[in-house]
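Hi everyone, thanks for coming.

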Amino acid sequence: LWSREGLSRRDRSLVTMGILIALRATDEFESHVRIGLRNGLTEDEIAEVIYHASGYAGFPAANTARNVARDALSKD
């Protein structure tokens, strides 16, 4: 999936994080925060994905993602 043409790895990270937030897949989301950084996302862009997801996946899912991202970013 990650090597297909059509979306950059950076864009795939954005999409993947949004899906994982909606699914409340916290373990996978934590890994994808670090993958997103390696794929060129900034911490501010990751925060914006979480904020944007709150409108579609709901505040509880986004709030959980925020906590997971904060923990993942503090490990680096």
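**A threonine and its helix**

Let's start with a side chain: that of Thr16 reaches the backbone oxygen of Arg12 at 2.7 Å. Before I go on, this is a predicted model, where local features need pLDDT of at least 70, side-chain atom pairs count only at pLDDT 80 or more, and totals for chains, interfaces and linings use all residues. Residues are numbered from 1 along each chain as its sequence is written, and side-chain values use heavy atoms, with hydrogens and water left out.

So, is Thr16 buried or exposed? Thr16 is buried, with a relative accessible area of 19%; buried means under 20% (1.4 Å probe, protein chains only). Leaving out residues up to four places away in sequence, Thr16 touches Trp2 and His32, where a contact is heavy atoms within 4.5 Å.

Thr16 sits in helix α1; helices here are DSSP runs (H or I, at least four residues), numbered from the N terminus. Also buried in α1 are Arg12, Ser13, Met17, Leu20 and Ile21. Seen down the α1 axis, the buried residues fall within an arc of 165°, so they line one face of the helix; that arc is taken from the directions from the helix axis to the C-beta atoms. They pack against α2, α3 and α4.

After α1 comes Arg24, with a positive phi near 55°.

Note on methods
Buried < 20%, exposed > 50% of the residue type's maximum accessible area, 1.4 Å probe, protein only. Helix = DSSP H or I, 4+ residues; strand = E, 2+ residues; numbered from the N terminus. Polar contact = N/O pair within 3.5 Å; in protein donor to acceptor, adjacent residues only side chain to side chain.
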